[in-house]
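I opened the model to look up its surface, its fold and its side-chain pairs. My entries follow in the order I made them.

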Amino acid sequence: MVADTNAELPALIARAQAGDAAAFGELYARYAKFILRYMYVRTREPELAQDLTQEVFIRVIKGIGGLQYRGEKLFLGWLYTIAGNVLVGQVRRRQIAASSLDDTTEVTDPRGQDAVALLFERLSLQHAIAQLTTEQQHVLMMKFFGDMTNQEIAATIGKTEGAVKALQHRAIQALQQILEQEPGEPLMSRALGSADVA
C-alpha cells in the first residue's frame, strides 16, 4: 500500500484529467501493480490478470475526468471499485465456459484431480461473489485487498462506518449461505458429472 503522503498525486491526477498522457502513464506505473496483484489473487492466471488490469486502466482513462481527489487511499478505493466491476464482468462472461470441462483441460498430471478440484472450488467462490450486491463486493474488496479501514471505506462509498460494518457482515453471511446451498456431494464429483453430460 502506498502511503497517503504523496503531495504530487493531486497534481498528477489533475494533469491526467487534462489529458496529459505522461501523467496517466505515471499513474499507471505507480498503481497498476496493486490492481495486477488483486487480479492475480482472484484469477490465479497471470495473462488474464494482466489483461484485466489493462481493462481497468482503460476505464480509468474514461472515468478520471469525473474524479474528485480526496486522498490517496480513496483514489485506490476508486481503482479497486473499477477493478471489481471488471472482474465481475469477466466472471459473468466465463460462467458458461467454466461450468464444464473442455478438451483443453489437462487432467493427465498425477496432481490433475487436485488441480481440477481446486479450480472448481475457486470458480464456485467467484460465482458466489458475483451474486453479492455491487456494494457488498466493493466493501469486501476495499477491506481485504485495498487494506482500507472502515472509516476510509465509508468515506469512499459515502456511508457511515456502521453501515460499512453491516455491509461487510451481510456480505460474508451471504457468501456463506450461497456456498452452503451447493449440493452436498464434492465439487469434484459434480464437475465431472456435468462434464460427462456436456
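This is a predicted model: local features need pLDDT of at least 70, side-chain atom pairs count only at pLDDT 80 or more; totals for chains, interfaces and linings use all residues.

Entry 1, surface. I then looked up burial: of the 198 residues of the protein, 40% count as buried.

I listed the secondary structure and found nine helices and zero strands. Read from the N terminus on, the elements run α-α-α-α-α-α-α-α-α. Among contacts with a separation of 6 or more, 68% are between residues 24 or more positions apart.

I searched for pairs of opposite charge, since side chains of opposite charge can pair when their charged atoms come close. The count comes to six salt bridges. I wrote up three of them.

I took glutamate 26 and arginine 30 to begin with; their closest N and O atoms are 2.7 Å apart, and they form a salt bridge. How far apart are glutamate 26 and arginine 30 in helix 2? They are four residues apart in helix 2 (residues 21-43), which means a separation of about one helical turn. I looked up the accessibility of each partner. Glutamate 26 has a relative accessible area of 31%, so I logged glutamate 26 as partly exposed. Arginine 30 is at 19% relative accessibility and therefore counts as buried, the cut-off for buried being under 20%.

I went on to glutamate 152 and lysine 73, whose side chains meet in a salt bridge at 3.4 Å, N to O. This pair links distant parts of the chain: glutamate 152 is in helix 7 (residues 150-157) and lysine 73 is in helix 4 (residues 72-98), 79 residues apart.

I then took lysine 159 and glutamate 135, which form a salt bridge with their closest N and O atoms 3.4 Å apart. Lysine 159 lies in the loop between helix 7 and helix 8 (161-180), while glutamate 135 lies in helix 6 (residues 134-144), so the pair ties together parts that are 24 residues apart in sequence. Are the two partners buried or partly exposed? Lysine 159, at 35% relative accessibility, counts as partly exposed. Glutamate 135 is partly exposed too, with a relative accessible area of 34%.

I searched the whole structure and found six aromatic pairs. For phenylalanine 24 and phenylalanine 57 I read ring centres 6.3 Å apart and planes at 70 degrees, so this pair is edge-to-face. Phenylalanine 24 lies in helix 2 and phenylalanine 57 in helix 3 (residues 46-63), so the pair ties together parts that are 33 residues apart in sequence. I checked burial for both: phenylalanine 24 is buried, and so is phenylalanine 57.

I also looked up tyrosine 38 and tyrosine 80, an edge-to-face aromatic pair with 5.9 Å centre to centre and 80 degrees between the planes. The pair links distant parts of the chain, with tyrosine 38 in helix 2 and tyrosine 80 in helix 4, 42 residues apart. Both tyrosine 38 and tyrosine 80 are buried.

Which residues form one aromatic cluster? I noted Tyr31, Phe34, Phe75 and Trp78.

Technical notes. Residues are numbered from 1 along each chain as its sequence is written. Side-chain values use heavy atoms; hydrogens and water are left out. A salt bridge is a side-chain nitrogen of Lys or Arg within 4 Å of a carboxyl oxygen of Asp or Glu. Helices (H or I, at least four residues) and strands (E, at least two) are DSSP runs, numbered from the N terminus. Buried means under 20% relative accessible area, exposed over 50%, partly exposed in between (1.4 Å probe, protein chains only). Contact means heavy atoms within 4.5 Å. Rings of Phe, Tyr and Trp (its six-membered ring) pair if their centres lie within 6.5 Å; planes under 30 degrees apart count as stacked, over 60 as edge-to-face and the rest as tilted.
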